[in-house]
Structure formats: structure tokens, C-alpha cells
Amino acid sequence: MLGLLCVPAHAEARDIGRDTLPAGDGWASYGAGTTGGAAADDAHVYTVTDRAGLVRALDNGSDTPKIIRIAGTVDANTDDGDHLDCADYATGGYSPKKYLAAYDPRTWGSAKPSGPQEEARKASAARQAERVVLPVGSNTTLVGLRGAVLKGASLQVRNADNVIVRNLDLRDAYDCFPVWQPNTGGLGDWKTAYDNLWLTGATHVWVDHVTASDKGHPDEAEPTYFARNYLRHDGLLDITNGSDLVTVSWSRFTGHDKAILIGNGDTVAGDRGKLRVTLHHNAFESIAQRAPRVRFGQVHLYNNRYEVTDGHRYSVGVSTESGIHAENNAFHTPGHVEAADLVKSWNGTALHQSGTLFNGYPVDLLAIHNAYNGGSERDLTADVGWTPTLHTKIDSAAVADREVARGAGAGRIP
Ligand code: CA
């Protein structure tokens, strides 16, 4: 029974494993609501302390009601308890040095990488994916016990319904094998594979009191190759491919480039009418972009706290057919980041915002966006075509600012 540990109930102040999303708490409360694994029988309540135990409990994404408690630090990059580093996954003659030599744009040009090093990279990446990609099935609750950390993993809720992830520190979904994409954005870019948590075709998901970061391997410490930052991480929480009815509350997204992507393509017509997400009482700290970036979805963004630092590109991204209803959010920025830098639009047409605080002062992000967009982005209207009805008490931005600073993230469930 390696990896399974008996933790007496009194070790925790309260068993949060059977909690369900309160009625009316955001889009995940719509319809049948979100209960996760609350219906699990005793045989399907697990406490896991390592990757192998977690994999067994997840049961290959089965839909049997189950509650999985994570205790201590679980490292996804392990085999039989031994830590695996990137060299352990490398196969087929892959080496970062040879890869860089093979696809240097000055000699290789702008064609998509192909040939022995790219083949070896793919094979190596598949070996890592087999370790770190962890499927979460329907009717599952995944909770951290006090101080629990899941590092190196990409939790993936794929075509599943009714999932709760709470009180968990999701750290460093590190890609050993980024791929060079010469045709991204003019200069080319490095593309990485893993989100800390990825909802794809997922419905009724409640993410609460989660902390998500790159902790251990910050991307700003990575080198620059081909004049681009060699990124190791993709999203912290991506919600794509027809996912719908998601509530993200009291969570902390920190120290990362692209935090939350809702909708991953302008032409994914199947996303129309879906991607309904509520984000409330979350902290966004030192996030460069996508907090969130939205396509298609009706997104209620209220009572969030933003702490912007150097390297910031934008916070709220307004993309194709998005309907973001933002209210009572508080932003803190260093002097050189202005209110006009907080919103960016690509093909977006509307943004509702009200009650925003910018460094303690009321500000109208919409008016500022339209006044300062420099003609490069179209003006946005205030009519996003819907008004949220599923929400808990909406605080003033000033109150939310204080409460989120104190209460968001893993280890802070009251
Ligand atoms: Ca992603």
C-alpha cells in the first residue's frame, strides 16, 4: 500500500472533501450544480502521498464518484518514487543543443521543424507526457490536505462533468521539450505543452482556493533562444473546447506569463454559447497576460485583485464574441503601468465594467480603453448582451481587495 496513508479525521480542522458548490455560486452552480465526488462511498475516498497513489485513485479518468485527498508534496515527474529530470525522458538522440543547432532560423529558415531532432523531441515529449498528464474524470473531488503540493503535473479534465479541485497548490507544469514554432507572431515563438489545470470539453467544474504558479522554475530565469524567451510553461488554467459552467473562486494565480485562457480559437464555432465561467475573489499576482483572455464565453469577473508587476502585457483580454461582465475588481500597478494597459482587445466588440479601482481610485476601464487605444484596436461598447444572475454577494472592490489578499489561495479555506 505504498503511497496510501491513513490520516485520522481529526488531523484536519474539517473534512472539506464532501463539500459541494453552494447554490448560486457562479456558472458551475447552473442546472444540476457541482458536487464533485461528494457521493463517493467509503471505498472511493483516498488519501495519496505520491504520484503512483494519485494515478491509482484517479483511475484513468473513470466517472466513479471519488474523493482524492493529496497529502504532502506529490511530484508528477517520478517513476517508482525516483525523481525524473529532463535527461531521463530524452530519447532518440534528442539534445537541446542539437535541437537549437538544427532549427536556428538563420540556417534552417522559417519552415516548421522536421527531421531527426524534431522526431526525437516528439518522442521525448511523449515520455514526459505519460508521466505528468493526469486525467480527472467525472464526479471527482480533488482536495489538498494542509500544505499539499502537486508539482510538475498537468491535471486534465477532458470531456468530463462535475469536478471539484480545492485547496491545492499546483506548481510548475514544466515542459522539458518546448517546440519551436517559426511562424508564430512574426518572430516565431517557443510553444509549451502543459497547463497546471486544463479543462477541455469539461462541464460543471469548481476550482476553489487553488494556488497555481511556476514556483521552482520561473520562466524569466530561462534563457533566450532565437531571440525569444525559452518558455517552459503554458497556461495556469485553460478552459477550452466547449468547456462550460465553471466557477473559479478564491484562487491565487501567481508568477506566470499566460494565466487563464478561455477559448483557444477564433474559429472554434462549437465554443459559441459555451465557455460560461465565473471568476470571483481571485488574486492575480505578477501575471504577464490572460487574466483572463476570453473568446465566446459569458464570463463574470468580479471581486478579483490584481497585483501587476514588471513584464506585464495586459490583464483582461477581450477577444472574438466574448461577453465579459467585470465588476468591482481592484488593480495595483507600478507607476509605469497605466489603466490603459489593463485591457486589450482582439476582435472583441464589448466589455462591461463597473466599480473598478485602480491603485485605490475609481476608474472606467472601458472609457480609458476607448480613449487610449491609439486606433490599433476598435472601440468596445458596454453592452455584452447578458447580465449575471448566478453569484454570491458582490463586495465593493475595496472590500474584495482586502479579503482576497488575505483569503485567496491554497491553505486559506476558512
Ligand atoms: Ca494551454
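Q: What should I know about the model before reading the values?
A: This is a predicted model in which local features need pLDDT of at least 70 and side-chain atom pairs count only at pLDDT 80 or more, while totals for chains, interfaces and linings use all residues. Residues are numbered from 1 along each chain as its sequence is written, and side-chain values use heavy atoms, with hydrogens and water left out.

Q: How many disulfides does the structure hold?
A: There is one disulfide, a term for a pair of cysteine sulfur atoms within 2.5 Å. Cys86 is joined to Cys176, with an S to S distance of 2.0 Å.

Q: Which hand does that link have?
A: The link of Cys86 and Cys176 is left-handed, with -75 degrees about the S-S bond. The pair links distant parts of the chain, 90 residues apart: Cys86 is in helix H2 (residues 86–89), and Cys176 is in the loop between strand E11 (169–171) and strand E12 (179–181). Helices (H or I, at least four residues) and strands (E, at least two) are DSSP runs, numbered from the N terminus.

Q: And is Cys176 buried or exposed?
A: Cys176 is buried, at a relative accessible area of 7%, whereas Cys86 is partly exposed, at 24%. Buried means under 20% relative accessible area, exposed over 50%, and partly exposed in between, using a 1.4 Å probe and protein chains only.

Q: Changing topic: what is the strand order in the open sheet?
A: The open sheet of 10 strands runs E3-E8-E11-E16-E21-E24-E27-E30-E33-E34, with mixed pairing. Two strands pair if DSSP finds at least two bridges between them.

Q: Which strands stand at the edges?
A: Strand E3 (73–75) and strand E34 (361–363) do; each has a single partner strand, so one side of each is left without a neighbour in the sheet.

Q: In what sense do E27 and E30 pair?
A: Strand E27 (residues 305–307) and strand E30 (residues 330–332) pair in the parallel sense over three bridges. Phe331 in E30 is the bridge partner of Tyr306.

Q: Is Asp234 buried or exposed?
A: Asp234 counts as buried at 11% relative accessibility, and Asp195 is buried at 4%.
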